[in-house]
Amino acid sequence: MSSKSPLILMSLALFLALAIILATGMGFLAIAPLEVIQVVWAKVRGAGLAAGINPTFPFVVMEVRLPRILAAAIVGGGLAVAGAVFQAILLNPLADPYTLGVSSGAAFGASLALVLGILGITVPLFFSVPLFAFLGAMTTLIVVFALAAPDGRLSSNTLILSGVIVAAILSAGIGFIKYLADEQVGVIIFWLMGSFVGKTWPEVTLTAIFVFPGLLLILYFARDLNIMALGGRTADTLGVDSRKVKKILLVCASLMTAICVSVSGIIGFVGLIIPHLLRLALGPDNRLLIPASFFGGAILLLTADTITRAWLPTELPIGVLTSLIGGPFFCYIFRKKQLGQR
Amino acid sequence: MNNIHNDPLFAISKGCFAYRANNVLQNIDLDLVPGQFYGLIGPNGSGKTTLLDLLTATRPLQSGQIIFQGKALADYAKKELAVKIALVPQQFTMGFDFTVSDLVLMGRYPYIPRFSNPSQRDLDLVDEAMHVMQIHTLRHRLITDLSGGEKQRVVVARALAQDTEVLVLDEATSNLDIHHTIEIMHVIRKLVREQGRTVIAAIHDLNLAAAFCDQVIVLKEGRIFTTGPVAEALTVDLIAEVFQVQAEVQAASLNHSPRIHYTLS
């Protein structure tokens with residue numbers, strides 16, 4: 001790891017902190033960055049508010065904006081880290097957190113929860129949608145692993161192919177659920193496009209509980225991921241138990257993805273673009289790339305969410321926005337790769 | 001220095017390995033002594049790569065056992081073996097833009113504690129390996145920008161940096177031009193002669209094996225056909241029987257290894 005790494009990570013962290021403060025101030029009710037800091041500081045210390053600050057600010061900052069903003073940041077960071085892990089393990093710089101079909105599983109679970117509501121089976125939606133989405137994602141992961149298991153090395157092709165097969169079946173299932181939902185299909189479609197509207201502290205906590213320990217575990221294995229870029233056979237002779245590391249990290253990254261998807265819906269391209277872009281800028285060393293991806297993903301999704309929340313006249317589903325930015329970017333990478341091929 | 005009478009480095013007894021109901025290797029009995037350059041030869045599909053996988057413990061034996069330095073190979077921790085046995089694979093694809101020196105430094109992975117930086121010795125060995133493979137001038141280049149031959153020299157340098165007693169090469173030079181092939185074989189040969197290391201190399205080119213190896217291990221259809229010193233083992237009959245090729249073998253003389261001329265019609 002180069003000597004510049006701590007500096008790069010510190011700047012990214014600082015930039016994220018700044019983005020959080022600025023974003024919290026933005027919106028229908030504009031709040032100066034300094035006031036945001038004062039409000040949060042007062043809340044943290046449990047002290048009263050300094051004179052001259054609008055008394056509605058604490059509610060707006062603490063209960064409305066901050067949970068949403070933190071949820072967006074953690075989900076963005078989680079997806080980007082998961083993407084970096086998938087790219088490193090599958091030895092494919094164009095893999096993303098959804099490569100193994102985790103998003104389709106989550107979408108299927110969430111659609112099922114929503115359609116049960118529509119069909120008159122009462123389930124509390126706030127609770128059931130994320131839960132079903134999570135269970136859907138986990139079940140998918142288990143099935144994909146079971147499909148790939150006969151290949152002892154868990155090779156990239158086997159895993160990707162298993163993911164594609166399972167995702168195809170699930171998308172047919174989602175189609176069927178949409179058909180059942182009939183005229184109320186809009187609810188499902190809206191969920192699938194992803195959103196951070198109305199996120200609350202419990203959701204932030206839940207996401208953080210999965211994402212941060214996951215991040216630490218991945219950082220622990222970051223050096224092994226570098227070695228595994230040499231291929232499983234060589235990595236094994238260098239003392240890396242590549243099969244074990246692969247399994248641990250695939251499960252860990254998929255869990256992170258599952259929790260992110262169940263909280264926010266399916267948000268595309270963050271997990272693809274951020275690690276890819278940062279790899280171009282910082283090089284492929286996962287010890288730097290993975291933490292940098294966390295900050296990068298957090299900053300990107302936070303920015304995108306703030307754009308839909310505070311700038312656009314009507315809120316656009318964030319998944320649409322990221323895909324609209326991400327799609328053309330993907331084309332650019334693809335084109336550049338083709339041109340650069342020797 | 002003659003190591004022939006030392007205890008074997010590897011002792012395989014009744015080694016079997018099957019892959020999806022095909023017996024890839026059957027009843028392998030083989031002793032390898034230290035300080036020798038072994039050439040592993042045999043037709044495609046005869047089990048050369050599988051045998052190397054067993055020796056590097058990247059695949060487990062299905063029956064029988066392998067003793068390495070007096071202890072069952074399966075009982076070694078991966079990290080323990082990583083400082084004793086290095087592998088140069090035939091196939092090397094790298095999708096990520098590591099620099100040449102980063103990649104060679106990966107050979108030092110088993111020696112560098114997690115979250116630590118490489119020591120001066122690590123860096124020195126990386127430097128030396130790059131000098132030996134003549135890739136020192138490429139050290140800041142990206143591995144993805146190199147030609148196939150340059151890449152393969154980087155891969156060999158990575159294995160040299162690993163600084164192990166045993167070096168396993170799986171057709172390590174089969175993608176290289178003749179110049180670089182001979183150069184790499186000379187370097188490997190020197191490791192055996194001057195430093196007493198042991199090399200086990202799967203080699204397709206029989207003349208290459210004849211020129212550089214001390215001993216050959218001949219595999220045919222998953223069994224050991226024969227083993228022995230190059231000059232004795234590589235005979236017209238063997239080549240006819242194992243490879244189904246008519247050849248003439250020009251006998252070994254002082255300073256000359258046996259040469260094989262194939263009858264091409």
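In chain B, six strands form an open sheet with mixed pairing, in the order β6-β7-β8-β3-β9-β10. Here strands are DSSP runs of E with at least two residues, helices are runs of H or I with at least four, and both are numbered from the N terminus; two strands pair if DSSP finds at least two bridges between them. The structure is a predicted model, in which local features need pLDDT of at least 70 and side-chain atom pairs count only at pLDDT 80 or more, while totals for chains, interfaces and linings use all residues. Residues are numbered from 1 along each chain as its sequence is written, and chains are lettered from A and ligands numbered from 1 in the order in which they are written.

The edge strands of the sheet are β6 (85-88) and β10 (223-229) of chain B, each pairing on one side only. Strand β9 (residues 215-220) of chain B runs antiparallel to β10(B), and six bridges join the pair. Within this pairing, B:Ile217 has B:Thr227 as its bridge partner.

Turning to the contact between chains, 18 residues of chain A meet 18 residues of chain B, where contact requires C-beta atoms, placed from the backbone, to lie within 7 Å. On the chain A side, α9 (222-228) and α10 (232-237) are the elements that give two or more residues. Of the elements, α10(A) gives the most, with four residues.

Terms used:
Two residues are in contact if their C-beta atoms, placed from the backbone, lie within 7 Å.
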